Amino acid sequence: MATGHGHDDHHHGPAKGITRWLYTTNHKDIGTMYLVFSLAMFLLGGTFALVIRAELFQPGLQFVTPNFFNQMTTMHGLVMVFGAVMPAFVGLANWMIPMMIGAPDMALPRMNNWSFWILPFAFLMLSSTLFMDSGAPNFGWTFYAPLSTTYAPSSVTFFIFAVHMMGVSSIMGSINIIATIQNLRAPGMTYMKMPLFVWTWLITAYLLLAVMPVLAGVVTMMLFDIHFGTSFFSAAGGGDPVLFQHVFWFFGHPEVYIMILPAFGVVSEIVSTFSRKRLFGYDSMVYATSSIAFLSFIVWAHHMFTTGMPLAGELFFMYATMLIAVPTGVKVFNWIATMFKGSISFETPMLFAIAFVVLFTMGGFTGLMLAISPADFQYQDTYFVVAHFHYVLVPGAVFSIMAATYYWLPKWTGNMYDENLGRLHFWLSFIGINVLFFPQHFLGLAGMPRRIPDYALQFADFNMLSSIGAFIFGFSQLLFVFIVIKAARGGKKATAEVWDGSHGLEWTVPSPAPYHTFSTPPVIK
Amino acid sequence: MLPTIKKTVNKLWSGVALTLLAALPALGLAAPQMNMTQGVTDISRDTYGLHMTIIWVCVAIAVIVYGVLVFSLIKYRKSKGAVPATFYHSTKAEIVWTLIPFIILIAMAIPATQVLTATYDTSDAKLDVLITGYQWRWQYRYLSGDGQEVVFFSNLSTPQEQIDNKAEKGEHYLLEVDEPLVIPVHTKVRFLLTAADVIHSWWVPAFAIKKDAIPGFVNEAWVNVNEPGIYRGQCAELCGQQHGFMPIVVKVVEQAEFDAWLAEKQAAAAAIAELTSREWTQEQLIAEGQTTYNTFCVACHQPTGLGLPPAFPALSGSPVATGPIEKHIDVVLHGRAGTAMAAYGALLNPIQLAGVITFERNALGSNRVGDMVTPAEILQAQQAAQ
Ligand SMILES: [Cu+2]
């Protein structure tokens, strides 16, 4: 299969004009489109977040109605999770996995094109609900029934179809990644020689394959409840609103690892490169990732500690959740052991990766606290949870995507980005993010629930601080856009190795990477 | 020994918090609450204890982990000529840093299990209160004891002008209600929680209780409060547009005061029941209904009964308000799903309901149907619907 898949136009460059992008089956083009799309969604979702933070700058209702506020929190979550973070990692996978394993392209190039092109339409459909009479979905990105069924605005049907489309896209994307990694590795590239980014993506792809159909199932059940008279989630008809939460979180919990495992991969690559030292504990990293993936399937109900589960259920999910701290700790220790006695330099990708290690660990600590079920009763659905998952998602997933962009941008464009601007972007983001999210821990502990457009006066100071941080972080991202565009248009030429500590197949091809790489498989010692 | 450690640890934490807070006045800010409340029940204190213990565990791990990290970042810089070592694995290290966290977790799981088990023990409660979440208010129903059943709604009482920034915000902005839940101190009270529409969550931080109120389910929680006082909380599960505006206020009083309060409530409920069952004339009902209409309906349907079409329909001359009375009763009791017309059946008492319907049919705008509905008939209609 691996070698029987050549095209006729191997030695031609890309087609010209718009058709290049519409018809392309080239993994690099598709990777680029994913990344650009994700960046656009990041800015859109960020705009929604700034509406939220502007409204919360002071107590009282200033700018938006409570209903529109709920639409903003819902759309922010959906766009960031499904539009920004997931496509960004798929984009990175498209670009890098074939080059890292010495494959000429993805295994299923035409499906690759399709899985990308579904996405813009899914998000067009989702965003169009903002302009509908009923308003956009307003039931939170977790869309608990019956708020999202019996009590939903009529735009919920568009939301359901948009989710179906995203699901189809993700499933096809993950099949493609699995097929590529399992079939197209260059001779000699055994599993235990694969770069960690490839490993984490392989596991992520299996997670996606396992849980995206569950998400599709739950929204289909909603669709039937809304339009075809079933009562899956309606107690009045003999259904069960809590069933919704079980099904949703059976998808939702692995989903959070889908958003962080590839980040682990990225950070492992970068930390090792800029420490000029081989990654410490490669094997244990692989095992830890696999155990996290396994555990992610048996902890879902820790999102539901307050639903009144039986004591035995509560205890099981508490213990299982606490266990996740063990493999996660192993990862952090391994990264630090990699830096220990290395020869460290602080280019922008490394800055973001170090910030990842520090701040993701913060999110890990609060995660451990949240696992303690009786204490969770006080944290659940407060800003403490908001702070927790934003610490793992923003300085976690998002920082790793930025780190990856700076790290591989010279390989993609052939030009070095502006290092000073990159560092400026890092520091603005780092400060912004902490001013934004750190005070939210205090807000939650002091008793502020999440998803409220207005709040009691004792929460005013920290909310104001948090909003200031949000605007700093938000506007610094325009600098990121500028830096990327600037590097794409020119700059200091990059060498093939780009970084003096770089290792791996992607650094053996010239920068920018030619349109077709590894048409003949490389030899791996 | 453990309590003393806890105490010192808590002192330390307050020390840290205080130092941080000391900086705030310099910025012209009052010191806001930054940590979880210790609350006023044994369970809430235990919960706080767990919270502080796990924080200190995290702080200890953080000091080590971040310590090594910062040390490495300073010591092994390329710019200082650091030469990379070549080691890349150590089974011993991996085992150590797998086992140690594991042991810490077990140590944490034991007290957590104890506290959790205690929160689940709802036996031997002296008083039962059924709490029902509605969009967007709480209903409290006192179940135990004999005599007239006491049931009432607890609504946000913050004026809209304060929310719209047209009036100065009061001390308990958004955390105040027209009628708080009242319970006795030093008594085990069991809460049964459910909801009438979507999922809500009843949360009072000082009790360390947060339990979802789910339609079709009855959840249980319990509290035994150590100190009289007024405790505030909020709905904690997104429940629609007014989710941020359904606070909880609990007034905890001495047993004697509670008994007096309950007796008074029972007497008032009995009076309503008595009024419901007595004979009513059309004039009396219209007079009753006029007041109710002016309080609850006038904003949308207008004093003239002409409404504000198309948003709010006219009742004067409407087929419902002049047609068969059953339809009219049905609309007012159950509302119209998906429109601004709420279900008033649960919000108004039978006298108000009978009054307002009779008023709308006979004295509003040009309506002169000539019939009436009595409070007793309303009660029957409500019971039939259940
Ligand atoms: Cu609610």
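**Questions on the model**

Reader: Does A:Phe518 count as buried or exposed?
Author: The relative accessibility of A:Phe518 is 12%, and a residue is called buried under 20% relative accessible area, exposed over 50% and partly exposed in between (1.4 Å probe, protein chains only). By that rule A:Phe518 therefore counts as buried.

Reader: What kind of model is this, and how should I read the labels?
Author: Residues are numbered from 1 along each chain as its sequence is written, while chains are lettered from A and ligands numbered from 1 in the order in which they are written. Side-chain values use heavy atoms, with hydrogens and water left out, and local features need pLDDT of at least 70, side-chain atom pairs count only at pLDDT 80 or more, and totals for chains, interfaces and linings use all residues, for this is a predicted model.

Reader: How does A:Lys341 count by its accessibility?
Author: A:Lys341 lies in the loop between H10 and helix H11 (348-371) of chain A, and its phi is also positive, near 60 degrees. With a relative accessibility of 37%, A:Lys341 counts as partly exposed.

Reader: What is omega at the cis peptide bond between A:Ser511 and A:Pro512?
Author: A:Pro512 is found in the segment after helix H15 (460-489) of chain A. For the cis bond that joins A:Ser511 to A:Pro512, omega is about -10 degrees.

Reader: Which residues coordinate the copper ion?
Author: Donors are N, O and S atoms within 2.8 Å of the metal (3.2 Å for Na, K and Ca), and because water is not among the atoms, sites may look incomplete. The donors of the copper ion follow the spacing H-x34-C-x3-C-x6-M along the chain. At 2.1 to 2.5 Å, the coordinating residues are B:His200 (ND1), B:Cys235 (SG), B:Cys239 (SG) and B:Met246 (SD).

Reader: What geometry does the site of the copper ion have?
Author: Four donors count as tetrahedral if all angles lie between 85 and 135 degrees; four count as square planar and six as octahedral if opposite donors are over 155 degrees apart and all others between 65 and 115; anything else is irregular. The angles among the four donor atoms here are 94 to 128 degrees, so the site is tetrahedral.

Reader: What is the relative accessibility of B:Met246?
Author: B:Cys235, at 1% relative accessibility, counts as buried. B:Met246 also counts as buried, and its relative accessibility is 2%.

Reader: How are the rings of A:Trp300 and A:Phe317 arranged?
Author: Rings of Phe, Tyr and Trp (its six-membered ring) pair if their centres lie within 6.5 Å, planes under 30 degrees apart counting as stacked, over 60 as edge-to-face and the rest as tilted; by this rule there are 66 aromatic pairs over all chains. Among them, A:Phe248 and A:Trp249 are edge-to-face, with 4.9 Å from centre to centre and 85 degrees between the planes, and both residues are buried. The centres of A:Trp300 and A:Phe317 are 5.0 Å apart with planes at 65 degrees, so this pair is edge-to-face.

Reader: How far apart in space are A:Met285 and A:Pro327?
Author: A:Met285 is found in helix H9 of chain A and is buried, with a relative accessible area of 0%. Although A:Met285 and A:Pro327 are 42 residues apart in sequence, their distance in space, C-alpha to C-alpha, is 8.5 Å.

Reader: What radius of gyration does chain B have?
Author: The secondary structure of chain B comes to ten helices and ten strands, and its C-alpha atoms fill a box of roughly 100 × 50 × 45 Å along the principal axes. The radius of gyration is taken over C-alpha atoms, and the globule rule is 2.2 Å times the number of residues to the power 0.38. A compact globule of 386 residues would be near 21 Å, but chain B has 29 Å.

Notes:
Helix = DSSP H or I, 4+ residues; strand = E, 2+ residues; numbered from the N terminus.
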